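This report describes how the secondary structure elements of one protein model are arranged and which residues lie between them.

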Amino acid sequence: MTSAPEAREPVETDTADAAVGCDLCITLLTHMRAAADERDLSGEVDARIRYRRHMLERHGERLPFPI
Ligand SMILES: [Zn+2]
């Protein structure tokens, strides 16, 4: 198995990153993972942006831009 080096980080986001008890965090992370699994880059980016915005607005956490 070969793994080509990529510029962007692999998606290892898990529900562990979600704020505890926040359904929207889990929903957005689930979307992000599903899109990544399907290699749906635009869907993944969209979910990531929504998650970042949600984290900032609801939880006051500014995530590093991974893209
Ligand atoms: Zn949340």
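What covers the buried residues of α2? In this predicted model, the cover over the buried residues of α2 includes α1, residues 23-37. The account below takes the overall composition, then each helix, then their packing and the loop that joins them.

**Composition**

The protein contains two helices and zero strands. Of its 67 residues, 13% count as buried. When contacts between residues at least 6 apart in sequence are considered, 21% of them join residues at least 24 apart.

| Helix | Number of residues | Span, first to last C-alpha | Expected span at 1.5 Å a residue |
|---|---|---|---|
| α1 | 15 residues | 21 Å | 21 Å |

**Helix α1**

The span of α1 is close to the expected value. Its buried residues are Leu28, Leu29 and Met32. They cover an arc of only 100° around the axis, which puts them on the same side of α1. The buried residues of α1 pack against α2. On the other side of α1, Asp23 and Asp37 are exposed.

**Helix α2**

Glu44, Ala47, Arg48, Tyr51 and Met55 are its buried residues. Viewed down the axis of α2, these buried residues fall within an arc of 105°, so they line one face of the helix. Such a pattern can be read against helix geometry: an α-helix has 3.6 residues a turn, so residues three or four places apart point the same way. The face of α2 turned away from the buried side carries the exposed residues Ser42, Arg53, Leu56 and Glu57. After α2 comes Gly60, which has a positive phi near 65°.

**Packing of the two helices**

Two packed helices are described by the angle between their axes and the distance between the axes. The axes of α1 and α2 come within 8 Å and cross at roughly 160°. With angles over 145 degrees counted as roughly antiparallel, α1 and α2 are therefore roughly antiparallel to each other. Their crossing is left-handed.

Which residues meet across this pair? From α1, the contributors are Leu24, Cys25, Leu28, Leu29, His31, Met32, Ala35 and Ala36, and from α2 they are Gly43, Glu44, Ala47, Arg48, Arg50, Tyr51 and His54.

Leu28 is placed in helix α1 and counts as buried because it has 23 C-beta neighbours inside 10 Å, where 20 or more are required. Apart from its neighbours within four places in sequence, Leu28 is in contact with Ala47, Arg50, Tyr51 and His54. The C-alpha atoms of Leu28 and Ile49 are separated by 9.6 Å, although these two residues are 21 residues apart along the chain.

**The loop between the helices**

Arg39 lies in the loop between α1 and α2. Is Arg39 buried or exposed? Arg39 is exposed, since 8 other C-beta atoms lie within 10 Å, and the cut-off for exposure is 12 or fewer. Its backbone also deserves attention. Most residues other than glycine have a negative phi. Arg39, which is not a glycine, has a positive phi of about 55°.

Methods: Residues are numbered from 1 along each chain as its sequence is written. This is a predicted model: local features need pLDDT of at least 70, side-chain atom pairs count only at pLDDT 80 or more; totals for chains, interfaces and linings use all residues. Helices (H or I, at least four residues) and strands (E, at least two) are DSSP runs, numbered from the N terminus. The arc is that of the directions from the helix axis to the C-beta atoms. Two residues are in contact if their C-beta atoms, placed from the backbone, lie within 7 Å. Axes are lines fitted to C-alpha atoms, for helices over the stretch in contact, and angles run from 0 to 180 degrees between N-to-C directions. Angles under 35 degrees count as roughly parallel, over 145 as roughly antiparallel, 65 to 115 as roughly perpendicular and the rest as oblique. A crossing is left-handed if the near helix is turned anticlockwise from the far one by less than a right angle, and right-handed if clockwise. The expected span of a helix is 1.5 Å times one less than its number of residues.
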